[in-house]
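This briefing goes through one structure, topic by topic. Please keep the sequence and the coordinates open while reading.

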Amino acid sequence: MTTTGTAAATGSIKDQPRFDCRNAYVETLVELARTDHRIVGVVNDSVGSSKLDAFKKAFPDRLINVGIAEQDMVGVAAGLANGGRIPFVSAASCFLTARALEQIKADVSYSDRNVKLCGMSPGVAYGELGPTHQSIEDIAWLRAVDNMTIVVPADPVETAAAMRWAAEVDGPVFVRVSRMAVPAVHDEDYAFVPGRATTVREGDDVTIISNGTILWRALAAAEQLAAEGVSARVVSMPTVKPLDVDAVLAAARETRGIVTAEESTRAGGLGGAVAETVVAHHPTRVSILGFDAFQPTGSAEFLIDRAGMSPEGIADAARALLA
Amino acid sequence: MTALAPEHVTMPVLGRLSPDASRAEQIAHIAEAARQIRIQDLKLVHFAGAGHIGGDFSAIDVLATLYGAVLDVDPAKPDDPERDRFILSKGHVAGALYTTLAAFGFLPVEELATFLKPLSKLNGHPNRTYVRGVEANTGPLGHGLPIAVGHAIAAKLDGSRRRTYVLVGDGELQEGSNWEAMMTASHHGLDRLTVVVDRNRLQQGATTHETNDLDPLDAKAAAFGFAVVEVDGHDHGALLDVLSSVPVEPGRPTFVIAHTHKGHPISYMSGNVAWHHKVPSPEQLDQAITELDRLQQEQLDQEVAAATPGTGTTKHEGQA
């Protein structure tokens, strides 16, 4: 780890320094809260695991810890929004999105309340803790809920940018905030635009569409493919909902197939959204990488590799599409 | 039975009395609102062929008291940040809420004729984005109390005097989310939060006692840090006194157990579990309206008697 850690650094992405997105999350939340008194934090005892100590120290009255009570947490957030506050609910994604799903649906989305849901340590971040704490389903079940923007940032810069946008927009937003260390993919001046994909690597043989903790792996896969003479486009799709349909259809038209790779279930996630889009408008071959079943114990890296989303695994999926 | 139509809407807009009105005037106003709301709600359910008339009628006196004389809300300023908040957690009594909102000027009265019709704003459960004055889209039970707690925390953070009221069904208290929220409420000392329990002791098909008993409800609420008050949930004067004088204990949220009867005061409905979501027949509709008119006459007679020195006592002695 000798490189500078910017997206423009030379060398393979997999050798870049890595960062915990939660740090960017809390730094940005504190920064936003300093200029907007409406912003409050709402947590389910998850102060430490959300790295919110700095927020608590800066704004002790504005961190509402309801204790281990997720339904209450989301309902209280909806009530705070009714009172003109902008709550950032911060909790392990597994409990936030599963235990409080009905509150998310009725109190936040259907009631159109200005609540930001921050799913901490999503996907298989809690790999060793098993399927109860893994949260590979959150994208699928939130995609089914109307009036919910779903953002899966890939690095600290994108996490911070998504947070700033979420604070500005009036409406429900779900942001995944990973604890898995990831290299910087985006430059410091990256501008997050909701519903907009970014081509982070040009290519015209095949397209890899990814986000979150898997995006850097997609870039590493493209590096491997390039060495073989295969030109792989890598599309960063931080917003799963609403999907950037134009970027998907451009990939369908301009390359010979699409690989999707994400830290969530193969059913109903980014891959599902991409497949639904191409089937309706421009059918092409799509290979969906993700998780199929409850995952065994193992580190997040281990489980992601095991599910075929190591750089080699993603490259293999691309090769298979082109074969 | 004909479909719900404009001619079935007879609800007058009652509005609010002047703040200078006497207690007796307020009570008379609430009583008339409750009577009109019941008559209109009966027609809605009868002609729409659906609704939750039993729970509507157990809650209407609380609703009429809150909107008639307690809440600081103004239909001309539904988004005033400093308005009091009322959250109907038992969202299935939307018919009663819509009728109440119409009575007090939040909802055009004529819109009641669309109740439950295709594409109507008046869904079987309230939607705040469709109906002015609705604070939360409720329906699934156990949601209103946490929302109310969140609003009360927001008010406290603002240093505001605005109040938060939430009406919950008693059966609804079987949902654990309520108790999570009650812990939060007392932890934060939300003494401008009032939980009103519509204690009609019936749920969909049986009593709460038979289903999953709530008693001792008063002790449970007290143990969760609330100041507990019990009141006859159909006595407008008692409701007015309690709901307009919270907090009863500084530093504590208030838990008002409003003892009610599903279907009150209709003879064939009151306390009868069958009327959870039964629809009155034409004969039953007529009978209910006749009973409400008779009760109003009796009430007027009582008021006249009470206002005439000696009359009430003489009458009472004569009967004894």
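The model is predicted. In it, 23 residues of chain A are in contact with 24 residues of chain B. Chain A has an open sheet of 7 strands with mixed pairing, and chain B has an open sheet of 5 strands with parallel pairing.

**Contact between chain A and chain B**

- Of the 23 residues of chain A that are in contact with chain B, the largest share, 9 residues, comes from helix 3 of chain A.
- Helix 3 (70-82) and helix 5 (101-110) of chain A each supply at least two residues of the side that touches chain B.
- By class, that side of chain A has 9 nonpolar, 8 polar and 6 charged residues.
- Helix 3 of chain A packs against helix 5 (residues 176-187) of chain B at an angle of about 65°, and their axes are 8 Å apart.
- That angle makes helix 3 of chain A roughly perpendicular to helix 5 of chain B.
- The crossing of helix 3 of chain A with helix 5 of chain B is right-handed.
- On the chain A side of this helix pair, A:Gln71, A:Asp72, A:Gly75 and A:Val76 meet B:Ser177, B:Glu180, B:Ala181 and B:Thr184 of helix 5 of chain B.
- The contact of these two helices has 2 nonpolar, 4 polar and 2 charged residues.

**Sheet of chain A**

- The strand order in the 7-stranded open sheet of chain A is 3-2-4-5-7-6-12.
- Strand 3 (63-65) and strand 12 (239-241) of chain A are the edge strands, each pairing on one side only.
- Direction ignored, neighbouring strands of this sheet are turned by 20° against each other on average.
- Strand 2 (residues 39-43) and strand 4 (residues 86-92) of chain A pair in the parallel sense over 5 bridges, and A:Val42 stands opposite A:Val89 in strand 4 of chain A.
- Helix 3 of chain A, which supplies 9 residues to the side touching chain B, also packs on this sheet, where it touches strand 2, strand 3 and strand 4 of chain A.
- The direction of helix 3 of chain A makes about 165° with that of strand 4 of chain A.

**Sheet of chain B**

- In chain B the 5 strands of the open sheet follow the order 1-2-3-5-4.
- The edge strands here are strand 1 (85-88) and strand 4 (227-232) of chain B, and each pairs on one side only.
- From one strand to the next, the twist averages 20°.
- Strand 3 (residues 193-199) of chain B pairs with strand 2 (residues 164-169) of chain B in the parallel sense over 6 bridges.
- Strand 3 of chain B also pairs with strand 5 (residues 254-259) of chain B, again in the parallel sense over 6 bridges.
- Which residue of strand 3 of chain B is the bridge partner of B:Val166? The partner is B:Val195, and B:Val195 also stands opposite B:Phe255 in strand 5 of chain B.
- Strand 3 of chain B is mostly covered, with 7 of its 7 residues buried.
- B:Leu193, B:Val195, B:Val197 and B:Arg199 point one way from strand 3 of chain B, while B:Thr194, B:Val196 and B:Asp198 point the other way.

**Helices of chain B**

- Helix 8 (residues 236-243) of chain B packs on the sheet and touches strand 3, strand 4 and strand 5 of chain B.
- The direction of helix 8 of chain B makes about 160° with that of strand 4 of chain B.
- Buried residues in helix 8 of chain B are B:His236, B:Leu239, B:Leu240, B:Val242 and B:Leu243.
- Their cover includes helix 1 (23-48), helix 2, strand 3, strand 4 and strand 5 of chain B.
- Helix 2 (residues 53-70) and helix 3 (residues 94-103) of chain B pack at an angle of about 30°, with axes 9 Å apart.
- Helix 2 and helix 3 of chain B are therefore roughly parallel to each other, and their crossing is right-handed.
- B:Asp56, B:Ala59, B:Ile60, B:Leu63, B:Ala64 and B:Tyr67 in helix 2 of chain B meet B:Gly95, B:Ala96, B:Leu97 and B:Thr100 in helix 3 of chain B.
- That contact has 7 nonpolar, 2 polar and 1 charged residues.

**A:Ile304**

- A:Ile304 is found in helix 11 (residues 300-309) of chain A.
- Is A:Ile304 buried or exposed? A:Ile304 counts as buried because there are 26 C-beta neighbours inside 10 Å.
- Not counting residues up to four places away in sequence, A:Ile304 touches A:Val124, A:Glu263 and A:Met309.

Technical notes. Residues numbered from 1 in each chain as written. Chains lettered and ligands numbered in written order. Predicted model: local features only at pLDDT ≥ 70, side-chain atom pairs only at ≥ 80, totals over all residues. Axes fitted to C-alpha atoms, helices over the stretch in contact; angles between N-to-C directions. Helix = DSSP H or I, 4+ residues; strand = E, 2+ residues; numbered from the N terminus. Parallel < 35°, antiparallel > 145°, perpendicular 65-115°, else oblique. Left-handed = near helix turned anticlockwise from the far one by under 90°. Contact = placed C-beta atoms within 7 Å. Nonpolar A, V, L, I, M, F, W, Y, C, P; charged D, E, K, R; others polar. Buried ≥ 20, exposed ≤ 12 C-beta atoms within 10 Å, placed from the backbone. Pairing = 2+ DSSP bridges.
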